[in-house]
Amino acid sequence: MSSSTSDRRLSELWSCVTLDEASSLIDSTSNPFSLQNFVGGQYIAPHDSLTSSSQHITSFEPKTGRPIYTLPCTQPHAVEAAIKAAKAAFPSWSKTARAERSAILWKVSELLQQNREVFAIWESIDQGKTLDRARIEVDRAISNFSYFSTFILHEQTAARMVDGVALTYEHRSPAGVFALISPWNMPLYLLTWKIAPCLAFGCTAVAKPSEVTSMTAFLLGDIFQKAGVPPGVINIIFGDGATTGAALVASPLINGVSFTGGTQTGIAIRRLTAHQIGKHLSLELGGKNPTLVFADSMVPSVRERTIRVAAMAAFENQGEICLCGSRIYVEKSVYNDFVRDFTAYVREKYVLKQTVGAVASLQHCDKIRRYLELAAEQKATFHLGGVPPTLNEDEAQGYWIEPTILTDVAKNSAIQIDEIFGPVVTITPFDNEQEAIQLANDSEYGLAAILLTTDGARMRRVGEQLEAGLVWVNCWLVRELGTPFGGMKNSGTGREGGEHSRDVFTVVRTLHLPAY
Ligand code: NDP
């Protein structure tokens with residue numbers, strides 16, 4: 001594709017200001033859009049990223065099942081070229097004054113703000129999420145840049161005295177070139193959660209979004225260009241995990257990896273990089289998060305909030321958020337009331353008002369369907385939802401799964417153990433606080449937990465025993481970007497957010513100066 005053709009097609013994407021316009025644009029084009037890698041400050045023709053024209057991946061719209069664009073499955077030689085572009089940009093960017101880096105990244109946040117609706121529209125089309133949900137995530141992407149662009153203006157460092165002997169202080173410098181890899185559930189938000197701190201702390205990067213949801217990452221290249229990010233500081237390449245992702249993380253030129261995705265992929269990345277001891281690894285992985293509902297949270301004055309928080313935690317973004325509470329445990333005395341009210345609320349709020357989107361891909365839809373078949377085989381009770389029909393690629397009219405509420409699911413069933421990552425929740429009774437804690441912690445994962453209670457002492461007593469990196473009490477998904485974000489057990493290693501992101505993207509040396 002000539003560069004003027006690709007510019008025209010890019011401007012067509014930017015020109016869509018409603019979902020209908022974007023949808024008609026997809027319908028009106030005989031060739032799906034062809035995404036291009038963004039390397040060295042410019043979009044590059046797909047054939048430069050591939051060794052054969054067959055190495056393209058087609059991406060489908062979850063709400064309709066129609067093809068929307070193709071992306072190159074970038075081959076190792078082209079991955080290497082992108083890494084070299086980032087390497088070449090590092091000496092200058094890492095020495096760029098904080099104030100200048102800050103101004104450029106602030107500009108990125110402003111440009112995202114100006115194009116908020118276009119990003120939300122394409123995110124909704126590409127991922128399947130509702131437009132309202134997409135808007136929330138674009139707002140969070142904007143905050144990622146505004147937060148880290150100002151964070152670096154107020155950094156402090158620690159100094160310590162060895163009386164009469166020495167003054168010591170910590171000096172930090174950017175850690176180098178990073179691989180930034182993100183999943184398909186919150187594409188723009190999670191990719192910018194990595195790019196913003198990485199660039200703010202003076203590193204350069206090669207970013208790879210999921211092959212399933214690459215559209216908003218493609219648009220981001222244009223924003224970086226317009227904001228004046230120097231060429232090579234951020235490179236965005238497309239492709240699948242096995243080819244493009246693996247070549248990226250394994251490269252000896254990569255100094256660190258910030259990865260968000262599934263636990264099995266996290267293990268694969270650990271293996272791929274095991275012999276590169278100094279490589280920074282931040283792994284944000286899967287979850288199977290518990291929601292604990294105590295009887296005191298079902299008194300009339302707070303009952304509505306309890307139901308609303310538990311429902312939001314289960315079904316927001318079709319349950320495709322690593323932090324979703326997909327195992328609900330309810331104190332026995334209020335169990336029947338909770339199941340009844342929760343089901344009624346979810347039917348009204350999510351089913352009748354259609355505030356749940358389609359799940360991200362046919363493959364993922366199939367995976368969820370298999371769990372629902374298992375639930376039916378194991379004689380679970382479906383209070384809402386059921387087993388969806390099998391779809392194939394040609395007939396699929398979209399990848400829709402009804403919000404599903406299950407009870408009577410055995411503790412050792414795969415439905416209670418595995419991360420389903422869809423609009424499926426189980427509800428199980430418990431007798432007392434100790435049992436609630438034991439059930440909540442009975443998981444290989446430890447990402448998040450939701451605690452619903454009005455007892456102040458219990459908030460701390462239980463909250464401090466939960467094996468989860470994030471505990472929300474009577475709320476969910478509240479985020480302050482300085483707080484440490486990350487999981488325990490198989491949910492990951494390392495923390496990101498504020499100074500914790502600084503630990504990921506910088507190296508620290510301690511200087512010892514003699515006391516004269
Ligand atoms: P995957 O682990 O399948 O993929 C995540 C990313 O890694 C994708 O870009 C993928 O590429 C890439 N990838 C796959 N294999 C490799 C490899 N060998 N080397 C390098 N990169 C690779 O996760 P999903 O996309 O399926 O996302 C869902 C998962 O993400 C869930 O488990 C969810 O809990 C987790 N998640 C965790 C969060 C957290 O903060 N802890 C937040 C959000 C999601 P491609 O898809 O193109 O193959």
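Okay, strands S6 and S7: they pair in the antiparallel sense, over 4 bridges, with S7 covering residues 166–174. This is a predicted model, by the way, so keep that in mind.

Now zoom out a bit. Those two strands belong to an open sheet of 3 strands, in the order S6-S7-S23, and the pairing is antiparallel. Which strands sit at the edges? That would be S6, residues 159–162, and S23, residues 506–514, each of which pairs on one side only. As for the twist, the average is 25 degrees going from one strand to the next.

Next up, helix H17, which runs over residues 498–505. Which residues are buried there? Gly498, Ser501, Arg502, Val504 and Phe505. Look down the axis of H17 and you'll find those buried residues within an arc of 155 degrees, so they line one face of the helix.

Last stop, serine 413. Where is it? In the loop between strand S16, residues 404–407, and helix H14, residues 414–417. And is serine 413 buried or exposed? Its relative accessible area is 3%, and buried means under 20%, so serine 413 counts as buried. What does its side chain touch, in polar terms? The side chain of glutamine 378, with a polar contact at 2.8 Å.

Key
Residues are numbered from 1 along each chain as its sequence is written. This is a predicted model: local features need pLDDT of at least 70, side-chain atom pairs count only at pLDDT 80 or more; totals for chains, interfaces and linings use all residues. Side-chain values use heavy atoms; hydrogens and water are left out. Buried means under 20% relative accessible area, exposed over 50%, partly exposed in between (1.4 Å probe, protein chains only). The arc is that of the directions from the helix axis to the C-beta atoms. Two strands pair if DSSP finds at least two bridges between them. Axes are lines fitted to C-alpha atoms, for helices over the stretch in contact, and angles run from 0 to 180 degrees between N-to-C directions. A polar contact is a pair of N or O atoms within 3.5 Å; within protein, one must be able to donate a hydrogen and the other to accept it, and residues adjacent in sequence count only if both atoms are side-chain atoms.
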